[in-house]
Amino acid sequence: MARMAPLEYVTDFADQAVMLPLALVVGIAMLAAGWRRGAFAWAVAIGGMLGVMLVLKLWAGTCGVLVFGDQMQSPSGHTASAAAIYGGVLALLLRRAWPGVPLAVPCAAALAVLIGTTRVLLGAHSVPEVVVGGIVGIVAATVLVRLAGPVPPNLKLRALPSAAAILGILLVFHGLHMPAEAAIRKVRITWLPFGLCRGS
């Protein structure tokens, strides 16, 4: 059990208990800094990622098992969120230094590999579930960077308050676990019976 502690520590940075407050704070920070286009892009990309993952989790739990077997029961939300949110923020920050370099895919992919690996090693997800989550997160980060456009050169990021708020979220919420998976499973069982996929 002690051997798994470092993996759990890393993977908990991508739990929805951390990611949802973090996504909200980043969006508010963009608005507060006067970057409306960036805030709009953030809302579209991150909101879209969460919506797609919800649909995929509902589908995989009812139809995915029938089509793919035990390897596709619930795509990894941790992996998708890490790729989209951490990867997206990293790509936007690095874009100021290298404006012409396409950074969204490598940044998001690196975070997807990091968190996805912890999910597989902890036995929380299969490799296909992590791959699906990673693809969704990488697409979301790419949409974010494209929609956001270039970072305004005169943008006042208010770096210290934003960094303090983000650090506060990580310190307060890290280690907490949101029961999102259980809630999705309950909805799936109640409203989406297996018969739906069998055409009966």
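Contact here means heavy atoms within 4.5 Å. The structure is a predicted model, in which local features need pLDDT of at least 70, side-chain atom pairs count only at pLDDT 80 or more, and totals for chains, interfaces and linings use all residues. Residues are numbered from 1 along each chain as its sequence is written, and side-chain values use heavy atoms, with hydrogens and water left out.

The protein contains nine helices and zero strands. Helices (H or I, at least four residues) and strands (E, at least two) are DSSP runs, numbered from the N terminus. The order of elements from the N terminus is α-α-α-α-α-α-α-α-α. Among contacts between residues at least 6 apart in sequence, 81% join residues at least 24 apart. The accessible surface is about 10700 Å². Carbon and sulfur atoms account for 73% of that surface. Accessible areas come from the Shrake-Rupley method with a 1.4 Å probe; for residues, only the protein chains shown count as cover. Of the 200 residues, 41% are buried. Buried means under 20% relative accessible area, exposed means over 50%, and partly exposed lies in between (1.4 Å probe, protein chains only).

The interior was examined next. A nonpolar core is a set of buried Ala, Val, Leu, Ile, Met, Phe, Trp, Tyr and Cys residues joined through side-chain atoms within 4.5 Å. The largest such core has 30 residues. Met30, Trp42, Ile46, Met49, Ile85 and Leu92 touch the most other members. Two or more residues each come from α2 (16-32), α3, α4, α5 (104-121), α6 and α7 (159-173). Helix α3 supplies the largest share, seven residues. Ile46 is in contact with Ala23, Ala84 and Ile85, leaving aside neighbours within four places in sequence. In soluble globular proteins, nonpolar side chains tend to be buried together.

Gly88 is found in helix α4 (residues 77-97). Its relative accessible area is 0%, so Gly88 is buried. Beyond four places in sequence, Gly88 touches Ala83, Ala141 and Leu144. Cys107 is found in helix α5. Cys107 is also buried, with a relative accessible area of 7%. Not counting residues up to four places away in sequence, Cys107 touches Gly87, Leu90, Ala91 and Leu94. The C-alpha atoms of Gly88 and Cys107 are separated by 7.3 Å, at 19 residues apart along the chain. For Cys107 and Ala84, 23 residues apart along the chain, the C-alpha separation is 9.3 Å.

Rings of Phe, Tyr and Trp (its six-membered ring) pair if their centres lie within 6.5 Å; planes under 30 degrees apart count as stacked, over 60 as edge-to-face and the rest as tilted. This rule gives one aromatic pair. The ring centres of Tyr9 and Phe13 are 5.3 Å apart and the planes lie at 85 degrees, so the pair is edge-to-face. Phe13 is partly exposed, with a relative accessible area of 24%.

The surface carries a nonpolar patch. Like charges are joined within 9 Å, and nonpolar side chains (Val, Leu, Ile, Met, Phe, Trp, Tyr) within 5 Å. Phe40, Val44, Val127, Val131, Ile135, Val139, Val143 and Leu147 form this patch, with about 650 Å² of accessible area together. Helices α3 (36-68) and α6 (127-148) each give two or more residues to the patch. The most, six residues, come from α6. Val44 lies in helix α3. Val44 is partly exposed, with a relative accessible area of 36%.

Terms used: Patches are made of residues with over 30% relative accessible area and no salt bridge: like charges are joined within 9 Å, nonpolar side chains (Val, Leu, Ile, Met, Phe, Trp, Tyr) within 5 Å. A salt bridge is a side-chain nitrogen of Lys or Arg within 4 Å of a carboxyl oxygen of Asp or Glu.
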